[in-house]
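Please look at the structure below before reading on.

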Protein chains: 4
Amino acid sequence: MGMIGGGIGAFIGGVHRIAAAMDNQIELVCGAFSSSAEKSIQSGIALGLPQNRCYGSFEEMIQKESQLDEDERMDFVAIVTPNHMHFAPAKMALENGFHVICDKPVTFNLDEAYELKKIIEKQKLIFALTHNYTGYPMVKQAKAMIANGDFGKIRKAIVEYSQGWLATKLEDTNQKQAAWRSDPKRSGAAGAMGDIGTHAENLLEYISGQQITSLCSDLTSFVEGRLLDDDGSVLLRMSEGAKGVLIASQIMAGEENNLKIKVFGEKGGLEWQQMKPNSLVVKWLDQPQQEYRTGVGNQYPQALAAARIPAGHPEGYLEAFANIYKEFATAVTDFKNNELKENYDFPNIDDGIRGMVFIDKVVDSSEQGSIWVEL
Amino acid sequence: MGMIGGGIGAFIGGVHRIAAAMDNQIELVCGAFSSSAEKSIQSGIALGLPQNRCYGSFEEMIQKESQLDEDERMDFVAIVTPNHMHFAPAKMALENGFHVICDKPVTFNLDEAYELKKIIEKQKLIFALTHNYTGYPMVKQAKAMIANGDFGKIRKAIVEYSQGWLATKLEDTNQKQAAWRSDPKRSGAAGAMGDIGTHAENLLEYISGQQITSLCSDLTSFVEGRLLDDDGSVLLRMSEGAKGVLIASQIMAGEENNLKIKVFGEKGGLEWQQMKPNSLVVKWLDQPQQEYRTGVGNQYPQALAAARIPAGHPEGYLEAFANIYKEFATAVTDFKNNELKENYDFPNIDDGIRGMVFIDKVVDSSEQGSIWVEL
Amino acid sequence: MGMIGGGIGAFIGGVHRIAAAMDNQIELVCGAFSSSAEKSIQSGIALGLPQNRCYGSFEEMIQKESQLDEDERMDFVAIVTPNHMHFAPAKMALENGFHVICDKPVTFNLDEAYELKKIIEKQKLIFALTHNYTGYPMVKQAKAMIANGDFGKIRKAIVEYSQGWLATKLEDTNQKQAAWRSDPKRSGAAGAMGDIGTHAENLLEYISGQQITSLCSDLTSFVEGRLLDDDGSVLLRMSEGAKGVLIASQIMAGEENNLKIKVFGEKGGLEWQQMKPNSLVVKWLDQPQQEYRTGVGNQYPQALAAARIPAGHPEGYLEAFANIYKEFATAVTDFKNNELKENYDFPNIDDGIRGMVFIDKVVDSSEQGSIWVEL
Amino acid sequence: MGMIGGGIGAFIGGVHRIAAAMDNQIELVCGAFSSSAEKSIQSGIALGLPQNRCYGSFEEMIQKESQLDEDERMDFVAIVTPNHMHFAPAKMALENGFHVICDKPVTFNLDEAYELKKIIEKQKLIFALTHNYTGYPMVKQAKAMIANGDFGKIRKAIVEYSQGWLATKLEDTNQKQAAWRSDPKRSGAAGAMGDIGTHAENLLEYISGQQITSLCSDLTSFVEGRLLDDDGSVLLRMSEGAKGVLIASQIMAGEENNLKIKVFGEKGGLEWQQMKPNSLVVKWLDQPQQEYRTGVGNQYPQALAAARIPAGHPEGYLEAFANIYKEFATAVTDFKNNELKENYDFPNIDDGIRGMVFIDKVVDSSEQGSIWVEL
């Protein structure tokens with residue numbers, strides 16, 4: 001694995017490195033960790049890489065790695081830069097024969113996403129998007145229960161992703177994460193909706209098995225002077241007749257990373273909270289409420305396969321993130337062995353496009369006075 | 001107290017009777033418990049009333065009680081009939097000099113509510129509406145914290161009231177509660193929104209201290225053949241600049257009576273769940289999350305006054321309901337002593353009108369294609 | 001009902017009055033509310049009683065009430081005095097033909113308890129002890145599941161009752177509750193173990209269906225100068241082979257009224273917490289964990305019968321307490337109608353004796369150096 | 001790192017490998033994964049090791065690795081075999097100059113533990129014991145709060161470690177984990193008490209800062225024919241005057257890995273549950289209950305340093321385990337740089353000896369009829 005972005009002081013780069021390392025299948029062999037060549041090399045050395053594999057730019061990395069022996073060179077690139085810096089390195093990596101795993105949202109805007117899809121299809125390479133919340137065992141159990149019809153036809157879904165860290169104008173301090181996320185030139189058309197709303201959208205479509213078909217959104221910038229939305233609420237209608245509500249906010253002062261979802265059908269429903277990820281609460285019309293737990297038997301195989309350790313030993317965010325990497329690594333290995341399958345359980349370019357469409361439409365609806373728009 | 005409605009087989013009548021009895025201040029002395037004279041008398045006798053105080057109709061009750069000595073006759077009427085039967089008995093009781101405590105929503109439609117207000121003002125009598133969820137100690141703590149500015153300016157509120165008991169077409173069975181609630185002739189313009197949406201609206205305005213100023217709603221009748229909405233989601237804008245989401249549903253199969261609210265401001269926020277009513281979770285930007293608990297010290301006096309027993313002894317729905325009756329009984333006593341104050345902490349006719357406006361506008365918005373409407 | 005004790009400033013008297021009033025079956029008609037005649041009458045008048053039914057002493061009350069017409073006089077007495085004042089009024093009431101409902105522990109010492117049993121048997125009257133925690137619907141469900149063998153043979157039980165209100169020397173302030181509870185002359189041989197340990201013991205034997213047969217206890221007075229134990233831990237062996245642990249403490253600073261129990265058998269087990277009384281968590285070897293909830297269907301009839309309102313409307317301490325009164329009132333009515341049954345679901349004199357034996361043995365074991373003693 | 005034990009089918013070996021890999025500081029370079037040479041090599045190859053570093057026995061591994069260049073050879077061994085196979089490889093590794101990290105309990109019996117301590121001291125090498133539960137951030141916060149006197153003098157502690165997986169005679173099936181754990185020849189003098197009771201003992205002493213000084217234990221083998229205890233309850237007295245209860249059970253059918261602890265002092269107390277590891281509930285005499293959360297500010301530096309990702313992204317068992325490895329790796333690096341400090345925050349041989357003393361005394365007490373014994 002070669003990493004693009006994720007130098008000293010970054011948050012998500014470290015997460016990707018731990019997730020990649022966890023299962024002893026992936027090794028970090030090189031990186032272009034910063035737009036500053038000096039910082040990139042500094043970061044790489046701090047991470048224990050040999051200096052000749054610490055590159056000053058992603059262009060240099062891709063070019064030089066291409067020239068190494070197949071045994072030595074990186075197998076794929078992991079892109080963990082701000083949103084406006086996803087497309088160029090993804091394009092160049094793919095065009096030079098490297099698979100790509102990329103942070104979300106997939107690109108800066110929808111056009112780039114469509115363009116990227118064309119490149120992936122042309123190059124016939126593997127592309128994964130780290131919508132990591134789909135990696136949790138109980139999320140996979142939830143998806144499987146709904147897909148299997150355990151609750152009958154799905155009627156209503158509510159997904160909320162609340163954070164509080166942008167309740168003040170943090171971007172005016174020296175906080176790197178806040179700075180780029182609230183900057184339209186680096187983040188894209190949406191703030192909170194792009195950063196975490198897309199996670200909520202992805203989780204909802206993943207679990208429910210339905211796509212959002214129209215929406216009505218009300219976005220706000222509560223913090224004075226902020227350039228992008230820091231809060232939004234959206235009414236949803238979905239492809240199989242369900243209705244929904246999606247809320248994403250980064251100004252819920254005191255909230256940590258409160259992503260939760262409930263989906264209900266004719267016979268029952270389920271609730272899952274990211275901050276209590278090893279429990280899936282299941283309710284039924286006629287039976288006592290149940291709590292499914294990571295690793296406990298009598299679950300769908302997808303859920304059991306996503307757990308690493310016996311029940312009762314809590315698995316968390318990094319393990320879920322690592323499940324994306326693990327499945328991606330499986331695909332990369334299958335590719336090498338000419339055994340690539342049609343489907344893998346990681347988010348791909350189509351999920352990326354869904355996310356970009358969602359951002360576009362959510363902003364569009366709100367700007368037009370919170371009217372209904374079709375997706 | 002004389003009761004109108006609430007005969008054998010009714011749910012809410014029993015709740016009112018327990019709530020009224022709890023504090024040894026109110027005695028049930030008579031009733032017109034059913035539209036069938038026979039059933040009314042049967043119910044009254046089963047409740048231990050003397051036969052001459054079990055009336056065949058509310059008209060008879062009000063008329064005959066008026067003629068009794070002041071010491072003997074009822075002080076007020078409690079109206080616990082279906083919605084379409086609120087206005088007439090309330091009007092007649094008031095016009096005959098009796099105070100009224102009435103179940104919600106206040107009337108069948110908005111016109112009746114305005115008319116009722118005029119009568120109350122003319123008669124100068126006491127009218128209380130049993131939006132009982134405002135009776136919980138932790139709800140009073142929540143309201144006081146916000147009113148006192150503990151969280152700074154309020155930005156976002158989410159209120160959800162989910163039930164599952166109407167997930168099937170229960171009104172086609174012999175279920176009395178379902179039958180009238182899903183019948184437009186008895187329930188009014190809205191189903192779930194009138195029955196529980198108004199509770200959510202009332203709780204939100206009570207706690208936040210802000211009024212809903214405009215809304216965009218999406219109502220659905222998920223159960224085939226049902227005549228009124230059984231589910232709805234509403235985007236809200238509020239009088240002091242907050243934005244909100246209100247969800248009310250009776251088709252969340254497996255949900256019991258899941259009313260919960262979160263309100264967040266600049267410095268922190270709070271969450272309360274009716275099914276865990278003795279806890280108020282409070283979050284802060286810079287401090288560990290807190291759990292306020294019924295009856296524990298260091299709270300606002302309104303909260304402490306609403307608790308009956310020491311901390312750790314859970315108080316529930318009936319105690320909260322009884323708090324409405326207790327405050328109403330205090331007002332009735334003050335009235336007798338010519339010491340009526342300007343404000344009491346129970347919902348009144350203005351809250352009733354707010355509820356009816358909410359129903360009207362929620363239905364209006366949805367029928368026009370889920371557009372924004374002003375309140 | 002005539003009340004003995006429970007005047008102004010008392011805690012448990014008010015609880016008894018609310019519990020008795022709740023179901024509209026019992027009316028407070030007289031009382032001897034204090035050992036001071038003046039305070040007794042003051043309290044009675046504040047409670048709305050006519051002055052001639054406010055007595056200066058329990059002796060006066062029992063004597064004078066005996067002389068009233070059967071229709072007018074009290075049916076039974078409720079004894080809510082400190083422990084050392086249970087026996088005398090209970091004895092006199094029974095000997096004058098009145099049923100008795102009495103707070104726990106039943107008497108000041110074991111001899112009194114045995115004596116009281118003789119009187120009850122001779123008089124053939126009804127005696128109930130308010131071990132109120134057995135009144136919760138989910139406690140009844142727990143008992144029924146175990147009795148029915150749902151978990152197989154029971155192996156292990158843990159019961160803990162933690163409070164923090166005596167973490168400081170509250171008895172040195174003017175706190176009435178603390179004063180008598182920590183005074184060996186009014187409380188008896190044990191402090192925390194008598195006050196709340198007996199509740200834990202009663203709950204454990206009620207739910208498990210097994211009796212404690214031997215124990216090893218370690219009692220402590222953590223607060224300097226305190227005369228009775230304020231904390232204790234006890235190892236237990238039980239009649240059907242189960243082993244257990246019982247912990248009771250009033251110096252767990254910050255704990256409210258944290259009574260909880262878990263009981264496990266061969267196939268699964270259950271957990272119940274008094275502060276979340278409407279949930280019963282049930283665990284199974286091979287199935288997802290379940291949460292039984294007050295009032296939800298598919299439960300044992302004893303549990304459903306103990307709920308007053310539909311599921312999701314939390315019932316609390318007062319409702320559970322009222323269930324004891326309700327069952328007692330049923331017995332009193334059955335007695336009047338000469339239809340007394342053999343068993344009622346309220347704690348009786350035998351439970352009271354169990355509690356006094358427990359206190360004796362727990363103190364005995366600890367004083368002898370925490371050795372094992374037989375019950 | 002070279003691993004001893006942990007071949008295909010083992011549980012804890014995989015945990016150690018993930019924990020070691022997580023922070024990109026430690027690389028698995030060789031192993032003797034099984035007592036069968038064939039299986040060992042098979043396992044090593046499956047883990048991606050070159051065949052020449054997959055050894056047939058730990059003796060071979062230690063000997064051959066010793067002869068490799070310093071740059072190439074393993075730095076330390078990780079011992080993840082059953083208990084009876086800890087001492088011999090630890091001794092040989094240390095005597096050949098390798099640091100050791102070892103699973104718990106440290107040895108088969110107390111004599112071995114004392115002997116091991118001598119060797120460690122003589123060799124002046126690093127020895128860590130994976131009592132992993134001390135690696136959780138909230139456990140470190142708990143320890144720091146108590147050490148800092150936040151709760152005043154500590155009075156009472158309760159620690160419970162409940163599992164249900166041995167509720168049936170699993171050792172009679174082909175279950176490897178159950179087989180050795182219930183075999184006195186491989187597990188040692190105790191079953192559940194050795195396997196999980198020692199974790200509870202270690203956690204209690206770590207958090208409370210007090211040592212157990214005497215105990216009275218009641219051990220049971222509930223499953224017929226089982227050779228070692230599968231359940232036990234222990235009364236404790238501690239070095240600074242606290243009293244405690246320790247419960248360890250593997251027959252609580254339906255329990256997963258329910259380790260929880262509460263410790264209370266004069267001013268308040270804390271509760272932590274391993275299955276909700278990112279929350280530390282803190283209670284106070286005079287303030288609302290608090291919930292400290294992993295990674296949220298205003299905590300002790302030890303707690304903050306143990307978190308890898310921002311608040312709200314749950315960290316679990318593997319992260320806590322990895323914290324032990326991380327601190328051990330720091331010590332190993334410091335050793336290389338001749339900068340070894342006096343104290344590191346990982347369990348060491350003294351903790352191991354405490355555990356073995358605990359096992360000895362707990363068994364001793366129970367065998368003598370559950371009497372008090374001194375430690």
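How many residues of chain B are in contact with chain A? There are 33 residues of chain B in contact with 33 residues of chain A, where two residues are in contact if their C-beta atoms, placed from the backbone, lie within 7 Å. This is a predicted model, in which local features need pLDDT of at least 70, side-chain atom pairs count only at pLDDT 80 or more, and totals for chains, interfaces and linings use all residues. Residues are numbered from 1 along each chain as its sequence is written, while chains are lettered from A and ligands numbered from 1 in the order in which they are written.

On the side of chain B that touches chain A, the elements that give two or more residues are strand 6 (154-162), strand 7 (212-220), strand 8 (231-238), strand 9 (243-249), strand 10 (258-265), strand 11 (268-273) and strand 12 (279-284) of chain B. Helices (H or I, at least four residues) and strands (E, at least two) are DSSP runs, numbered from the N terminus. Strand 9 of chain B gives the most to this side, with four residues. By class, the side of chain B that touches chain A holds 14 nonpolar, 10 polar and nine charged residues. In this division Ala, Val, Leu, Ile, Met, Phe, Trp, Tyr, Cys and Pro count as nonpolar, Asp, Glu, Lys and Arg as charged, and the others, Gly among them, as polar.

How are the chains placed relative to each other? Two copies of a chain are related by a rotation about an axis and a shift along it. Chain B is superposed on chain A by a rotation of 180 degrees with 0.0 Å of shift along its axis, at an RMSD of 0.0 Å. That is the relation of a two-fold axis. In chain B, the C-alpha nearest the axis belongs to Ile371(B), 3.4 Å from it. The superposition is by least squares on the C-alpha atoms of residues with pLDDT of at least 70 in both copies. Of the interface residues of chain B, 100% are also interface residues in chain A, so the copies meet through the same surface.

Chains C and D form another pair to look at. A rotation of 180 degrees with 0.0 Å of shift along its axis superposes chain C on chain D, with an RMSD of 0.0 Å. Ile371(C) comes closest to the rotation axis of the residues of chain C, at 3.4 Å by its C-alpha. Here too the same surface serves both copies, as 100% of the contact residues of chain C recur in chain D. The contact joins 33 residues of chain C to 33 residues of chain D. Strand 9 of chain C supplies the largest share of the side of chain C that touches chain D, four residues.

Within a single chain, the next level is the domain. Chain A is assigned domain 1 (2-125) and domain 2 (133-324 + 353-367), with bounds that come from an automatic or database domain assignment. The C-alpha centres of domain 1 and domain 2 of chain A lie 26 Å apart. Their contact takes 20 residues from domain 1 of chain A and 19 residues from domain 2 of chain A. On the domain 1 side, helix 1 (12-21) and helix 5 (110-123) of chain A are the elements that give two or more residues. Helix 5 of chain A provides the largest share of that side, four residues.

Now turn to the sheets of chain B. An open sheet of five strands has the order 2-1-3-4-5 in chain B, with parallel pairing; two strands pair if DSSP finds at least two bridges between them. Strand 2 (30-32) and strand 5 (127-129) of chain B stand at the edges, each with a single partner strand, so one side of each is left without a neighbour in the sheet. Strand 1 (residues 2-4) of chain B runs parallel to strand 2 of chain B and is joined to it by three bridges. Gly2(B) stands opposite Cys30(B) in strand 2 of chain B.

Strand 8 of chain B pairs with strand 7 of chain B in the antiparallel sense over eight bridges, and with strand 9 of chain B in the antiparallel sense over seven bridges. Strands 8 and 9 of chain B form a hairpin with four residues between them, and Gly241(B) in the turn has a positive phi of about 100 degrees. Eight of the eight residues of strand 8 of chain B are buried, so this strand is largely enclosed by the rest of the structure. A residue is buried if 20 or more other C-beta atoms lie within 10 Å of its own, exposed if 12 or fewer, and partly exposed in between, with C-beta atoms placed from the backbone.
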